[in-house]
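Me: Could you go through this one with me? I would like to start with the strands.

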Amino acid sequence: MISLKDLTQEQIAELQAQMKAKEAEEQEKRKQDIEAYKDLVDETVSSVFCGLADVSEFLAKNKELAENQLNKIIEVKNELYGAKDEQQTHTFTTKDGKMSVCIGYRIANDYDETLGNGIAKVHEFISSLAVNDETARLVNIIGSLLRTDKNGNMKPSRVLELSKLAMDINDQGFTEGVKIIQAAYKPRRTRTFITAWLNLENGGKQYLNLSMSNPNE
């Protein structure tokens, strides 16, 4: 085994130069590998993006076409049965029962800025109650109904329960607070969605994948 002590200064200098050259070569190779990787990313993203853009445009056009066609048969159904259907979803199935398409929308439970005023009014009523077992139970019930979601909105079902309580309790302040909450409710219709599926003989459904994710996951 060769020791550094056995080498001359010239040999040590040559060895150091070789090590530096090898290190520089490795760094240059890594630099080239990184650049090649970035080129691969650039090429792949450009190719995938263009392909997805075509898919997006195709889906958008066919979704618009499907909406127009389905809305037409909704109009025909309303005219045929003599009443406008206010339901949020409409499902249509072929006569043989094999293919179904559903068009609809959901309701976002939004409230205006006066919701907080109504809640505060109800809290005033809670604060005015004498403390006993019966009122403690009532406070807990009202408190649970006043809970809001992460967006600061209340479920309409809870507002309905509050209005029933207001009728039973018959307190002016409480009733006013509930009325403010009800008036603050501004439901918002979301964008239209469409789903389609095959009705299987075993009673199951095989959905068409109309998004980039797997509908069965």
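Me: Which residue in strand 5 does cysteine 102 stand opposite?

Reply: Cysteine 102 stands opposite threonine 195 in strand 5; strands here are DSSP runs (E, at least two residues), numbered from the N terminus. This is a predicted model, in which local features need pLDDT of at least 70, side-chain atom pairs count only at pLDDT 80 or more, and totals for chains, interfaces and linings use all residues. Residues are numbered from 1 along each chain as its sequence is written, and side-chain values use heavy atoms, with hydrogens and water left out.

Me: How many bridges pair strand 2 with strand 5?

Reply: Six bridges, in the antiparallel sense, pair strand 2 with strand 5 (residues 193-199), where two strands count as paired if DSSP finds at least two bridges between them. Glycine 104 has phenylalanine 193 of strand 5 as its bridge partner.

Me: And what order do the strands take in the sheet?

Reply: The order is 1-2-5-6 in an open sheet of four strands with antiparallel pairing. Strand 1 and strand 6 (205-207) are the edge strands, each pairing on one side only.

Me: What about the turn between strand 1 and strand 2?

Reply: These two strands form a hairpin with five residues between them, and glycine 97 in the turn has a positive phi of about 75°. Five bridges join strand 1 (residues 89-93) to strand 2 (residues 99-104), and phenylalanine 92 stands opposite valine 101.

Me: Switching to helix 1, is valine 45 exposed or only partly exposed?

Reply: Valine 45, which lies in helix 1 (residues 9-81), counts as partly exposed because its relative accessibility is 49%, and that class runs between buried (under 20%) and exposed (over 50%), with a 1.4 Å probe and protein chains only.
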